[in-house]
Structures are given as structure tokens and as C-alpha cells.
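Here is a short note to read beside the model. Keep the structure open and follow the points in order.

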Amino acid sequence: MGHPKNTYSLVADIGGTNTRVALADGRKIVDGTIRRYSNSDFAGLETVLRRYIADEGGVDPIGACVAVAGPVRDGRATMTNLDWAIDRDTLARATNAEKVSILNDLQAQGHALGHLDPDKIRCILPGPEVQPNAAKLVIGVGTGFNAAPVFDLEHGRVVTPSESGHANLPIRNEMELRLCQFVSTAHGFPAVEDVLSGRGLERAYAFLGNEEGDPREAAAKDIMAACADGSDPRATEAARLFTRILGTVCGNLSLIQLPFGGVFLVGGVARAFAPHLTAFGFGEAFRDKGRFAGFMSNFAVHVIEDDYAALTGSAAHLVALKT
């Protein structure tokens, strides 16, 4: 297999468990070049990327960008569940690329907006016609929770990072207060991510069992399967609870960022919940803001169903760096 030298960019999406790597021609991922690697098989990012380059016939990329599930500061990424050194020097050494960049994974999703197949974007709540350069908001719901606003400015797109998943879980009633107490960590701090994530759904299920005096555990995938086939009423109620809190948090973040260009939910949990969000009350919770309830209709909400959006966003970011 041969690729032209200094033509394609190398892009990677690094999660806690797997790393996905691909080649990009401008903003477009090159067909047949996406490969997935188990992180546990490698000592670090450099060995993964060198393996990918070898697997692609010794490709010599002109640029490289990686999206990381963790905070990025001063060109260095820190991952919560992976002890890898991820910085620009490592990326340049591994790929021999002339231009390198490191993004938070939600930043990469933000850079992907406008470059994805419309068929892979599901509308949950419609909104008014979007004006050019209107602010947008990407919200990630998966292994963890996070959000990133997207601003299209005169000099280009800016996607600012955050750690929104570690803010306090909102409380609106006594049941939600008890849920907060149930999921509190050893530090006594119930964060948004403690409920709005895959393991958070499992905690919601366990909480309802505790409330009913019938404690049971269930994996997130089994809870979602039971929602689909109606085999476990508690699973359905856990999903409803999850959905209402998700709507509340997304509404709060929308009031902070004013994303008149739309809210975009991403991540494996968001995709799994997409068929259920309307029936389980997402819209009602999203717009339940008192006298601002009508104002909330300014914000459309979508789910991105493209599992490789972060790769596209990384490629788009590299193109923007060249201009």
C-alpha cells in the first residue's frame, strides 16, 4: 500500500480504551484508512502512531492532529484514565509531520460542525433559521460529560475547552437531592458526570432500586436494551430520570453560551438515547426555565450520529491552521 508523500494529514481520536487513527485529504477522511487500536497493547501514543504509519505502508503525513479525552493546556494533554505523555513534541517525533496540533475531543467535535454528512445529524428540537456565524454548542455524553462552545469569528473558528462535567449536578426537587446524595463521591461532591454518562445511567438505575428498597445493578447497555424492548420498568424510569436531568443541564449550558446556531449532542450515550429523548421528556426539561421558557425555543438541539466526527474535526482544524 502506498500513499503520496507529504500530501495527507494524520488524525487520531484518543479515548480511554481505544485510539482511532486515519488519514485525511483536506477536511475529508480518506476511505479505508480508519484503524482502531487498543490502548492497553501500547506503551504510549508514539508507538500507536508508528504502528499506524507502518500499517499504512510507511505513509509520510504533512500534518498531524490528535483529539484527546482530557484537558489540553500549553500543547500538552492530560488524560484521566490513561497514563500517556501526549504533547506536540511527541506527536511531531512520531509522525515526522511539519504541522502538529492537540485538541480536546470536544474541541475536535466542534471543528467538525459544518463538515459532516447531514444524514448523520438527527434533529431532536427544531429551532429558527440559523444566521451565519451564530454561536453553537457541542455537548459530549459518553464515558464522561463535557461541553464546548463554537464561535465562528472573522479570523476563523474558535472552540473553547471546558470541564463542564465536573460542575455541580443541578437540584430542582427532593428526589434529585436524594440522587445527588446517592452518587456523591468520597469528597462529597456530586458532579454532572456522576449521572450524565454511561456509568451515571447505571447509578440512576441503582438509585431507583435503593428508593424502592429493592437494590439491583445493571450495565448501561442492558438498561438501554430493556428500554427498547420494555422488559424492565425500572430501566425505563432510570432512562427518563437521566433524560430529564440531561435536558436541565443542556438548557443551563444553553443559557450560559446562547448557541443560536444550535446545540449538538455527541458521544456513545447521546447516540444511544437519541431515539428516546423526545418520549422521555428532554424537550420539556430543556425548556423548563420559568419566564425564559419561550426564549429556549431559540436553540435547536441535534444529535450527531457520526462516530468519526472527531477525526473530521481534527482534519478541519489542520486545514484552518494552514490558512
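1. Start at aspartate 87, which sits in strand β8 (residues 86-87). Strands here are DSSP runs of E of at least two residues, and helices are runs of H or I of at least four, both numbered from the N terminus. This is a predicted model: local features need pLDDT of at least 70, side-chain atom pairs count only at pLDDT 80 or more, and totals for chains, interfaces and linings use all residues. Residues are numbered from 1 along each chain as its sequence is written, and side-chain values use heavy atoms, with hydrogens and water left out.

2. Is aspartate 87 buried or exposed? Aspartate 87 counts as buried, because its relative accessibility is 16%. The cut-offs are under 20% relative accessible area for buried, over 50% for exposed, and partly exposed in between (1.4 Å probe, protein chains only).

3. Setting aside neighbours within four places in sequence, aspartate 87 is in contact (heavy atoms within 4.5 Å) with Gly75, Arg76 and Ile102.

4. Move to alanine 12, in strand β1 (residues 9-14). Alanine 12 counts as buried, because its relative accessibility is 0%. Alanine 12 and leucine 311 are 299 residues apart in sequence, yet their C-alpha atoms are 6.1 Å apart. Leaving out residues up to four places away in sequence, alanine 12 touches Thr19, Val21, Cys65 and Ser314, among others.

5. Next, a hairpin. Strand β12 (residues 145-153) and strand β13 (residues 156-159) pair in the antiparallel sense over four bridges. Two strands pair if DSSP finds at least two bridges between them. Two residues form the hairpin link from β12 to β13. Leucine 153 has glycine 156, in β13, as its bridge partner.

6. Now helix α7 (residues 233-257). Its 25 residues should span 36 Å at 1.5 Å a residue, and its end C-alpha atoms are 36 Å apart, so the two agree. The expected span is 1.5 Å times one less than the number of residues. At the start of α7, a side-chain oxygen of aspartate 232 comes to within 3.0 Å of the backbone nitrogen of arginine 234. Leucine 258 follows α7, with a positive phi near 50°.

7. Which residues touch the most other members of the largest nonpolar core? They are Ile139, Phe145, Leu196, Leu246, Leu265 and Phe282, out of 49 residues in that core. α7 gives the most to this core, with 10 residues. A nonpolar core is a set of buried Ala, Val, Leu, Ile, Met, Phe, Trp, Tyr and Cys residues joined through side-chain atoms within 4.5 Å. Another core, of 28 residues, lies apart from it and includes Val21, Leu23, Val48 and Ile102.

8. Last, the cysteines. A disulfide is a pair of cysteine sulfur atoms within 2.5 Å, and by this rule the count is zero. For cysteine 180, the nearest cysteine sulfur is that of cysteine 250, 16 Å away. Cysteine 180 counts as buried, because its relative accessibility is 3%.

Conventions:
Polar contact = N/O pair within 3.5 Å; in protein donor to acceptor, adjacent residues only side chain to side chain.
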